[in-house]
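Colleague: I am new to this structure. May I put some questions to you while we view it together?
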Amino acid sequence: MNNNTPSSVIADAQIYAALAAKFPELDMERQMQTVFQFVAMPMTALWYSGNTDNERDWCEYVSTRRDGYFFNGAGRFSQAYRTMLLSADRSCLGSECSHVDTALDRMNRNLEMRITGNLADDAAQWDTAADWMFVCDTDSDIPTDNPFLRSFEGPLGTINSLDELLADRCAYRLRVKGVGIYEIERGDWYQESLVNPAFPLVQGGSIRIEQLFGRRGGLQHTGLKVLVSYEPEVTITVAANKLLILMARNALSTPVMVGGLHFDLARASILPQANVLGDGPAPVCIRLPALKHTPQVWGVLSKCNYL
């Protein structure tokens with residue numbers, strides 16, 4: 001981490017650390033060769049209403065990025081997997097030939113995949129819950145070995161519309177009414193041992209290993225778990241002029257993103273606060289409600305299959 005790290009990225013790293021502490025299955029330190037990524041755009045978990053196409057999409061999505069933010073767009077996982085199998089160099093496979101044949105045969109018969117759990121029932125329970133399931137208060141300091149920050153390989157640019165406004169003196173309080181972690185299950189057509197950058201392809205073929213496991217390859221990630229949130233709320237306390245924030249609220253057309261959650265700036269509540277941040281302008285408190293009142297995809301844990 002350096003002095004140019006945007007305040008929103010620092011806050012996101014703190015939120016991730018709190019999530020990993022509460023939900024060990026999201027801890028990249030424990031789940032080796034994995035990356036957790038907050039979604040970079042609002043994405044409703046439409047499968048809660050029985051949308052099986054959306055459920056299948058989340059089984060297929062592959063992020064184009066390798067840092068802490070999930071951008072879908074690297075193609076369909078099963079399509080890349082099939083391409084790899086069809087391009088196999090059988091002279092180098094040895095005993096793995098039978099596994100490839102079996103996988104292709106099963107793909108042709110039933111390309112089954114699903115997300116575990118019952119999100120509809122969970123959302124109904126969250127809707128009537130009296131308490132917040134997850135609460136995170138950020139502070140000004142964060143260990144430099146935070147795995148979320150380590151996932152960034154180069155300089156961090158501004159990715160949040162409030163970065164310049166919030167500068168470097170702000171505090172976040174995030175509350176979420178409901179949180180669920182749902183596993184991606186693929187059918188018996190999928191064999192994890194075959195998804196490896198060392199998989200032999202026919203030399204000189206139309207497909208190169210970089211196209212599958214490189215930075216835009218459809219096999220660079222294998223989605224494992226989907227994190228879903230329900231009714232989040234964030235309160236931001238910042239040393240800034242109230243009028244400036246009001247002007248920003250009217251000018252910004254994109255939702256505010258905090259830790260992969262997206263909030264409606266147009267419905268913000270803004271109140272002056274006691275100066276708890278020290279010297280300087282009196283701070284204000286911005287309370288932001290959820291952008292949508294439906295279960296939202298919060299983030300994805302993926303296995304890393306990088307070259």
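Colleague: How do the residues of the lining of the largest cavity divide into nonpolar, polar and charged?

Modeller: The lining has 7 nonpolar, 3 polar and 1 charged. Ala, Val, Leu, Ile, Met, Phe, Trp, Tyr, Cys and Pro count as nonpolar, Asp, Glu, Lys and Arg as charged, and the others, Gly among them, as polar. This is a predicted model, in which local features need pLDDT of at least 70, side-chain atom pairs count only at pLDDT 80 or more, and totals for chains, interfaces and linings use all residues. Residues are numbered from 1 along each chain as its sequence is written, and side-chain values use heavy atoms, without hydrogens and water.

Colleague: Which residues line the largest cavity?

Modeller: Among them are Pro42, Met43, Pro232, His262 and Lys292. Lining residues have an atom within 4 Å of a point of the cavity, a set of points on a 1 Å grid over the protein atoms alone where a 1.4 Å probe fits but cannot get out. Strand E8 (261-263) and strand E11 (296-304) are the elements that give two or more residues to this lining; strands (E, at least two residues) and helices (H or I, at least four) are DSSP runs, numbered from the N terminus.

Colleague: Turning to helix H2, which of its residues are buried?

Modeller: In H2 (residues 52-60), Asn54, Glu55, Trp58, Cys59 and Glu60 are buried, that is, under 20% relative accessible area with a 1.4 Å probe, protein chains only.

Colleague: And why does glutamine 14 count as buried?

Modeller: Glutamine 14 counts as buried because its relative accessibility is 10%. This residue belongs to helix H1 (residues 7-22).

Terms used: 1 Å grid on protein atoms, 1.4 Å probe; cavity = no way out; pocket = protein on both sides within 12 Å on 5 of 7 lines; lining within 4 Å. Buried < 20%, exposed > 50% of the residue type's maximum accessible area, 1.4 Å probe, protein only.
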